[in-house]
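Please examine the sequence and the three-dimensional model shown here before reading on.

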Amino acid sequence: MIRTVKLGITAAAALWMILQSAGLSFANHESSAQPPLWTPLDEVEQMAVLEVPGGMVNIPAGEFLMGSDPHKDRAAGPQEFPQHPVFVDAFEIDRYEVLNVEYLRYVLATGADWPQFWRAKPFPYKMATHPVINVSWEEADAYCRWTGKRLPTEAEW
């Protein structure tokens, strides 16, 4: 029976030093034309497998006033007038914003362009769980279709 042992970094490093001190030499596989058979996940792939919160919220059908009342909100812009009643059907909406790591999964799976602000390959790890920003409506729509969802309408939002 063959038994395998999974070595930690420090144990593997110690074994490497012992073998080298015994005068054994090893080939430099990193310089060969062929990639190694096993490589650790790079940072982008590590981020892509992060667990993120999810879930959707049911929004019941109903009527509400959409827009602003110029007598109550003097800061309202012209695009907010006139205030009017709107009826929306029941729908579901994501509980949380789309995170960088979720958009990264889409980019890796589809080959879509990276958002322009992802200048650092693709963004610092600490930004993985921040909402994705600076994507166009078309890019957001493509992401939603990829997930089997859709963007909310203006009234739903």
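The paragraphs below treat the overall fold, the nonpolar core and the pockets in turn.

This is a predicted model, in which local features need pLDDT of at least 70 and side-chain atom pairs count only at pLDDT 80 or more, while totals for chains, interfaces and linings use all residues. Residues are numbered from 1 along each chain as its sequence is written, and side-chain values use heavy atoms, with hydrogens and water left out.

The chain contains four helices and four strands, where helices (H or I, at least four residues) and strands (E, at least two) are DSSP runs numbered from the N terminus. Their order along the sequence is α-α-β-β-β-β-α-α. Of the 157 residues, 19% are buried, that is, under 20% relative accessible area with a 1.4 Å probe, protein chains only. Among contacts (heavy atoms within 4.5 Å) with a separation of 6 or more, 63% join residues 24 or more positions apart.

The largest nonpolar core comprises 16 residues, and Tyr103, Leu104, Tyr106, Trp118 and Phe123 have the most contacts inside it. Such a core is a set of buried Ala, Val, Leu, Ile, Met, Phe, Trp, Tyr and Cys residues joined through side-chain atoms within 4.5 Å. Two or more residues of this core come from each of α2 (43–48), α3 and α4, with α3 giving the largest share, five residues. Beyond its neighbours within four places in sequence, Tyr103 touches Val98, Pro115, Trp118, Val132, Val135, Glu139 and Tyr143.

The largest pocket has a volume of about 680 Å³. On a 1 Å grid over the protein atoms alone, a pocket is an open set of points where a 1.4 Å probe fits, with protein on both sides within 12 Å along at least five of seven lines; lining residues have an atom within 4 Å of a point. Grid points are joined across faces, edges and corners, and the volume is the space filled by probe spheres set on them. This pocket is lined by 25 residues, with Val98, Cys144, Leu151, Pro152 and Trp157 nearest its centre. Both β4 (91–94) and α4 (137–147) give two or more residues to the lining, and α4 supplies the largest share, five.

The second largest pocket, of about 180 Å³, is lined by 14 residues; Asp94, Glu102, Tyr143, Thr147 and Lys149 lie nearest its centre. Here α3 (100–110) and α4 each give two or more lining residues, and the largest share, three residues, again comes from α4.

Notes
Buried < 20%, exposed > 50% of the residue type's maximum accessible area, 1.4 Å probe, protein only.
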